[in-house]
Amino acid sequence: MSHIALEKQAGQRQRGVVASLRRFFKAYGWGYAFIFPSMLVFAIFTLAPVLWALLISFQSYDYTFIWNGKWAGLSNYVHAFTTEGGVFGQAIKNTLYYTVITVTANILIALILSSLIQGRSKPWRTFFLSAFYLPAVTSVVIIAITWRWIYNSEYGFLNYILGAFHLAAVRWLSDPNIVLNSITLSTVLTVPATGVVLFNAAMGSIPTEYYEAAMLDGAGPLRRWWHITLPLIRPTTLYLVVLYTIASFEVFEKVFVMVPAGVGDSAQVIVTQIYQNGFQQFRYGLASAQAFVLFLMIAAVALVQFRFLRSDVEY
């Protein structure tokens, strides 16, 4: 094939690409123009910092205003589990313990409360949903401060109740043996507002014909709830399980506010370790490595949850 023919084919391909781009932007250009500001903000303030943190996690990076990172390979990831007597491993165990208990409790409590609310009249249903949703609009720090006063060893509400029954006061937040259980209990006893609202909406969207047909077959309330309600709200259950799991893995405010100094590593969680290494000791490479360990853990757990809880529900 001659040189002129090759140039002609290349020109035709180039004109075809230009024409395709013109058709694409003519059809979808305005849509991309509207989302471009959000994409730009995401790229600058989310994507770029995440990529930079990933780069730092492979470097020996110290506190300075000038970039002086030296390539360290996987040493930060190794040091994450070996420095300070392996406290990061203890933090992972504490986080997993907190996550398993709080996620399970939040899902069960939200299911029970939503099922009880669903059978009420509309005014009562609106009242209960509004009341239960109040914790969701309250700052986590405010809730943590409230629980810190409730757990106060000298004049807290819980020890006041124990004193009324002539029982010894308990050091709820200063005893290393029970401090993690105290923090976990405070989360369990806080109404899972988002779960109640979403479960109630999912239950309300189930066609009543299913329940009427089950009643004609002689199925009782518990049987209808188990065989109709639970299977049909599995997509909502999956969403809430993943949502609460991510929130539990990222727990920080309660531990930071409620736990006093001197308790030791009994209440250490992953994010408190990241905070201490990154913002107190300025070991950014180590903190970034721990952050990406947390990311991998969340991603792995979410994949398992999607594998076992996903379902294609249509009604």
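At what angle do helix α11 (residues 234–249) and helix α14 (residues 284–309) pack? Select both: the angle is about 165°, and the axes lie 10 Å apart. By the convention used here, angles under 35 degrees count as roughly parallel, over 145 as roughly antiparallel, 65 to 115 as roughly perpendicular and the rest as oblique. That makes α11 roughly antiparallel to α14.

Before going on, note that this is a predicted model, in which local features need pLDDT of at least 70, side-chain atom pairs count only at pLDDT 80 or more, and totals for chains, interfaces and linings use all residues. Residues are numbered from 1 along each chain as its sequence is written, and side-chain values use heavy atoms, with hydrogens and water left out.

Helices are DSSP runs (H or I, at least four residues; strands are E, at least two), numbered from the N terminus. Axes are lines fitted to C-alpha atoms, for helices over the stretch in contact, and angles run from 0 to 180 degrees between N-to-C directions.

**Stop 1: α11 and α14**

The crossing of α11 past α14 is right-handed (the near helix is turned clockwise from the far one by less than a right angle; anticlockwise is left-handed). Show side chains on α11 for Arg-234, Leu-238, Val-241, Val-242, Thr-245, Ile-246 and Phe-249. On α14, their partners in the contact (heavy atoms within 4.5 Å) include Leu-294, Met-297, Ile-298 and Val-301.

**Stop 2: α4 and α8**

Next select helix α4 (residues 122–133) and helix α8 (residues 193–204), whose axes come within 8 Å and cross at roughly 150°. They are therefore roughly antiparallel to each other, and α4 passes α8 in a left-handed crossing. Arg-125, Leu-129, Phe-132 and Tyr-133 of α4 meet Ala-193, Thr-194, Val-196, Val-197 and Asn-200 of α8.

**Stop 3: annotated spans**

The unreviewed UniProt entry annotates several spans as "transmembrane region", among them residues 96–116 and 287–309. Such annotations may be inferred rather than shown by experiment. Select residues 96–116: the span is 100% helix and 0% strand, with its end C-alpha atoms 30 Å apart. Residues 287–309 are also 100% helix and 0% strand, and there the end C-alpha atoms lie 33 Å apart.

**Stop 4: Thr-95**

Finally, select Thr-95 in helix α3 (residues 87–118). Is Thr-95 buried or exposed? With a relative accessible area of 0%, Thr-95 is buried (under 20%; exposed is over 50%, partly exposed in between, with a 1.4 Å probe and protein chains only). Leaving aside residues up to four places away in sequence, Thr-95 touches Ser-248, Phe-249, Val-269 and Ile-270.
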